[in-house]
Amino acid sequence: MITMFIDPICKVHMSEKSDFVTEYGGKTYYFCSGKCKSKFDRLEKSVIRLKRNIGDREKISFGRLNKEIIKTGICTLCGACVASCEYVTFVDNKPKLVGKCTACGVCYNQCPRTITKEEDLIGKIRYAYAARSAIPGVKGQDGGVVTSMLAYALDEGLLDCAVVTKRSKDEPWKAEPVIVRTSAEVLESAGSIYTHSMTLEPLMSAIKQGMGSIGFVGPSCNIDAVHKMQTSSYGFLHLFLRARVLKFGLFCMDSFEHDGIKEFVESKGMDLNDIHSMKIRKGLFELGTSEGMKSYDLSELDQYRCSSCKYCTDMVSENTDISFGGVGTPVGWTTVLIRSSVGYEIFNEAVDSGYLEARPLEKAEMDRTINLAKMKKVQMYTLNRRQQG
Ligand SMILES: Cc1cc2nc3c(=O)[nH]c(=O)nc-3n(C[C@H](O)[C@H](O)[C@H](O)COP(=O)(O)OP(=O)(O)OC[C@H]3O[C@@H](n4cnc5c(N)ncnc54)[C@H](O)[C@@H]3O)c2cc1C
Ligand code: SF4
Ligand code: SF4
Ligand code: SF4
């Protein structure tokens, strides 16, 4: 049998070893000509340069690719990781590390399934702050920033009204979306209710009542409905309704069926009427009761999670004027991501007018936000449990 040698550049088959040789990654390559050899050597240098470049900035090992993409079953077997590293090969139809990984991150940065750009994780932002209310007595879910900004905008006449969600007076912890026109009314809507709220009905109602400038609060699924109305060719707000809607987006990992939360609370021997606060933080579901705070692992609520949330990948409400969340910043503060110029103006006016206190978001705070956003982008496939907040 004749052994054939294939030039890896021009793919010419050679019946014997040529004099144009390169050793790379423990293998010997033969070329038909000096031209092909120098092409290969140049490529090899580029890969080495790339490995050095990425590796200097951030250590990303094959382990991360394995954890996020291969083990989760979303690897497409495209072979980009195998092509980018001599230590990765296909074993049993899966990319596998067969040498010592230097955590250069090259394979991770070629894979079509990884997310490597900050913008792809948290959308476009202009400024990021940590903020909290400066209005005495405001008790928000985190820093009370959404409520205080709306109060400022309503007091100043920048908004005619706002669509917010309050706790129903008839059924404890039932989300009730409402239109508010004054800062006194908006203060009553502070806090989060971890169920879906049908906010679009009051929005349409406000528009029909002739409100020209409306603040709208909701997590990304609600915000995206408004965004669609503003941007789709046949969207109401795009075609004939002339209202300006300022979108206040809430970070969101999940929400639960109202009846499910009720069942859960009752299974712990309590009544929803006796729960005065609810908070999700660092993978825990915390209930404020007259006997103090009770904490449960969030996974205990898995069965009550709304089905749409399992397929939702936008944690930070990417299509907003401003997004707000608790992750990243200390207890009592809100993480604020400003995306539009009008959002920036109103936020800063509220700070200057003494409604809010703010400072730039620190890098570690932003990193925690990005990590949670990333977890949500991939949880669609992995249903990873979140452990940070
Ligand atoms: C279902 C849900 C899940 C969330 N998950 C996360 C999370 O995983 N990580 C994170 O960092 N932040 C999450 N948040 C956002 C967080 O709870 C706070 O709303 C946010 O940090 C703003 O805090 P604040 O004190 O500035 O807001 P506040 O001043 O307390 O104002 C909160 C505003 O949210 C409105 N609101 C309350 N419940 C709803 C609802 N169900 N639908 C629409 N609007 C509502 C209120 O009307 C109010 O205007 C979630 C919010 C919700 C509603
Ligand atoms: S390219 Fe190779 S060395 Fe670099 S991270 Fe991937 S497996 Fe490790
Ligand atoms: S680059 Fe990503 S998708 Fe392609 S084979 Fe490797 S792990 Fe799978
Ligand atoms: S996880 Fe997504 S779909 Fe579920 S409530 Fe939050 S934004 Fe809406």
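1. A residue counts as near a ligand if one of its heavy atoms lies within 4 Å of that ligand. The structure discussed here is a predicted model.

2. Polar contacts to ligand 1 involve both side chain and backbone. A polar side-chain atom of S192 is 2.7 Å from an oxygen atom of ligand 1. From the backbone, an N or O atom of V327 lies 2.8 Å from an oxygen atom of the ligand, and an N or O atom of T195 lies 2.9 Å from a nitrogen atom of ligand 1.

3. On its own, ligand 1 has 900 Å² of accessible area, and the protein covers 97% of this. The ligand sits in the largest pocket.

4. What surrounds ligand 4? The shell consists of H196, P219, S220, C221, C252, M253, D254, S255, S308, C309, C312 and K376. By class, these residues around ligand 4 divide into six nonpolar, four polar and two charged.

5. The space taken by ligand 4 is also the largest pocket, which is where ligand 1 sits.

Note on methods:
Residues are numbered from 1 along each chain as its sequence is written. Chains are lettered from A and ligands numbered from 1 in the order in which they are written. This is a predicted model: local features need pLDDT of at least 70, side-chain atom pairs count only at pLDDT 80 or more; totals for chains, interfaces and linings use all residues. Side-chain values use heavy atoms; hydrogens and water are left out. On a 1 Å grid over the protein atoms alone, a cavity is a set of points where a 1.4 Å probe fits but cannot get out, and a pocket is an open set with protein on both sides within 12 Å along at least five of seven lines; lining residues have an atom within 4 Å of a point. A molecule sits in a cavity or pocket if more than half of its atoms lie within 2 Å of its grid points. Ala, Val, Leu, Ile, Met, Phe, Trp, Tyr, Cys and Pro count as nonpolar, Asp, Glu, Lys and Arg as charged, and the others, Gly among them, as polar. A polar contact is a pair of N or O atoms within 3.5 Å; within protein, one must be able to donate a hydrogen and the other to accept it, and residues adjacent in sequence count only if both atoms are side-chain atoms. Accessible areas come from the Shrake-Rupley method with a 1.4 Å probe; for residues, only the protein chains shown count as cover.
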